[in-house]
Amino acid sequence: MTDDPSPADEGGYDAAVAALLSPLHQSATPDAIRAAAARRKNTLQDMHTYLQRVGLELNDGDGSAASTATAAANGDANGRVPPLIIHVTGTKGKGSTLSLCESILRRAHGLNTGIFTSPHLVSTRERIRINGVPVSKKVFGEVYWRVRRKLEQFEDDGKVADKSGLPPLPVLPGYFRTIALMALYTFCHYEPKIDAILLEVGMGGRYDATNVFEPTEARTLVRGVTLIDYDHTRVLGSTLQQIAWEKAGIFARNKLDNICMDDGGFDKFVDKCIKDESWDEDRGLELKDTVFASGSNTPEVLTVLRHVANANGCRLQIVRDSQVVSFREVGLQGKHQRANAALALALCQHAMERYRSSHPSTDASPASQEQLQDALNSALAKAFWPGRCHTVQFVSKDAVFDGQGELSTNLRCDGAHTPISINACIGWFRMVSTYSSSEYDSVHRVLVFNCSHERNPIPLLYQLCCSNLFDSVYFCRADFERPSAVPKRLEDGWAREPLGHSDTELTLEGMCGELAPTDDAKRVVSELSASTWQETLANVWLVLDAHRKKCGEGAPAQPAPAKVSAGYKVKHALSTIQEDAACAPACGGKKPALIEVCITGSLYIVGSALEAAGWEEGEAAGQLR
């Protein structure tokens, strides 16, 4: 932070980040968190107000300028809304799919891209990218202070209750809304100009701060849904149908009128569409647009998506993995990325077909089909998305065994946090750690884990435990996590939920009963909750592992974990892992020549690991107009 900041950047980047993490934008108390949550269904109306206040009218006119009258009044006459928007929701693969879209649009079609994603791993700047690279500190700081000063001009309006019946709209929006505003402002005021905006939904879709664009004749808006799984069930609902309905909110038209506090919610949708099986039989001629969904979704999810799409004048195109068989390689590791690549290809093909018709002079796509195929192959192969099946290698120069060489450590980072994604992570880690171990005499495999305390960790830990891959396990604190009013303990009912095993009756409570038949299983479960969330996770792991050994689950050739530790920060855990490996001969253990560390459970813990390893990205070229 400079001592004498210029008017353009106010306090600069460091001051902007500090402000974003302060109570100005963070709900730091339970009451503040509840007050913010009460406005969730009013998000689109709130965002519309904020966008107007910063001079952006995203759905006005022909898309060539951001509401000339409003923009001029706010000193932003040069604001320009890019003509192509790709909006993606889902539970798994949103960021990966958009990174593949970004690579395709930029590398195969020559477009300048702006991409907004969440969460970040190391730097807040990662959420706003230009041509795949985070914006510079200068740009991030400048856009924050521009947006904030414009919003603060309406401070008197924050004293008046709005029409929703809610308390007055805060002058400064919360953390996610603010960064979404910053991203949109950046994309509309960047030099060189941005051709395509790619938006990742933060949570759900219907009431998300990114759900601000309407389909128009002048602008190409393409929408897609990745794999939907159980996540954020406190907010989105406890069934896949409810979650799918929330996600499908990005298909809506006339959003300000149809998505609001009193829109009837999921129950109205069920009564209108699901219960009336003939409701959409005669709507074929009214379907003027196409929206997309991954074929990896269940039939019940696809049914909900189709109903919502049809209700909004759209046909649903289901995209299967087989649509990428002709492509040689996907740069993102993991078999599950084939489904994301298929969806990305479908979204970009549809986007470019519409974009070419209205912007032929800016289309730099290859002339021939063969050239286009080669360009798409290259774009998919070069795509990269940090924190998802992402390997960072580093060598501990202090740990040398008998002069035979240095101790190598591979950090295998994947932000998996649902049962489906944890299963994919296990498969990836098993493959890459086995492949790399072929060059070494011995390998030490370690799990570093943390997940949100608002999520049931038991199914995730059960899969990891039954994989029988790990010699030691560390439950670590992330350097940063979302504020939450929820107590950090195991919720009542979690221990009674089936674990998704072939034996559908298997539960943590049942395991406790088998392991301690003379004790009350419910009491044993209640005692698993410890003073810290990480200690609670460790206690759950010990029960799962004891049951695994008792019942012979997992590969019997692998020894039980030698060490379970809780409470470390990631940087300390990695140092401890290396120190333990280095002193293994003196302790009578077998010295490993390679350490393979699987870091998973949340993107926050992955970000902490990448920062501990010194990993960072560069800065995008360009500036704000």
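Trainee: Where is N254 found, and why is N254 called exposed?

Mentor: N254 is found in the loop between α9 (240-247) and α10, where the helices (H or I, at least four residues) and the strands (E, at least two) are DSSP runs numbered from the N terminus. Exposed means over 50% relative accessible area, buried under 20%, and partly exposed in between, with a 1.4 Å probe and protein chains only; the relative accessible area of N254 is 51%, so N254 counts as exposed. Please keep in mind that this is a predicted model, in which local features need pLDDT of at least 70 and side-chain atom pairs count only at pLDDT 80 or more, whereas totals for chains, interfaces and linings use all residues. Residues are numbered from 1 along each chain as its sequence is written, and side-chain values use heavy atoms, with hydrogens and water left out.

Trainee: What makes the phi of N254 worth a remark?

Mentor: Phi of N254 is near 50 degrees, which is a positive value in a residue other than glycine. Most residues other than glycine have a negative phi, and most peptide bonds are trans. N468 also has a positive phi, near 55 degrees, and the place of N468 is in the loop between α16 (458-466) and β13. With 6% relative accessibility, N468 counts as buried.

Trainee: Which peptide bonds are called cis, the one from S118 to P119 and which other?

Mentor: The bond from S118 to P119 is cis, with omega near -10 degrees, and P119 is found in the loop between β2 and β3. Another cis bond joins E191 and P192, with omega about 5 degrees, and P192 has its place in the loop between β5 (190-191) and β6 (196-200).

Trainee: Why is the pair of F116 and F176 called tilted?

Mentor: Rings of Phe, Tyr and Trp (its six-membered ring) pair if their centres lie within 6.5 Å, and planes under 30 degrees apart count as stacked, over 60 as edge-to-face and the rest as tilted. By this rule the count comes to 10 aromatic pairs. For F116 and F176 the centres are 5.7 Å apart and the planes make 55 degrees, and the pair is accordingly tilted. F116 lies in strand β2 (residues 113-116) and F176 in helix α7 (residues 175-188), so the pair ties together parts that are 60 residues apart in sequence. F116 counts as buried at 1% relative accessibility, whereas F176 counts as partly exposed at 21%.

Trainee: What makes the pair of F449 and F475 edge-to-face?

Mentor: Their ring centres are 6.1 Å apart and their planes stand at 80 degrees, so the pair is edge-to-face. F449 belongs to strand β12 (residues 443-449) and F475 to strand β13 (residues 472-477), so parts 26 residues apart in sequence are tied together by the pair. F449 counts as buried at 0% relative accessibility, and F475 is buried as well, with a relative accessible area of 0%.

Trainee: How do you know that A620 and V135 meet, although they are 485 residues apart along the chain?

Mentor: Their C-alpha atoms are separated by 4.9 Å, and A620 touches V135, I130, V133, P134, S136 and Y190, not counting residues up to four places away in sequence; contact here means heavy atoms within 4.5 Å. A620 has its place in the loop between α21 (603-612) and β16 (623-624), and A620 counts as buried at 10% relative accessibility.

Trainee: Which residues line the largest cavity, and what makes a space a cavity?

Mentor: On a 1 Å grid over the protein atoms alone, a cavity is a set of points where a 1.4 Å probe fits but cannot get out, and lining residues have an atom within 4 Å of a point. Grid points are joined across faces, edges and corners, and a volume is the space filled by probe spheres set on the points. There are 2 cavities of 30 Å³ or more by this rule, and about 50 Å³ of space lies in the largest cavity. The largest cavity is lined by T117, S118, P119, L121, E126, R129, E200, W385, P386 and R388.

Conventions: On a 1 Å grid over the protein atoms alone, a cavity is a set of points where a 1.4 Å probe fits but cannot get out, and a pocket is an open set with protein on both sides within 12 Å along at least five of seven lines; lining residues have an atom within 4 Å of a point.
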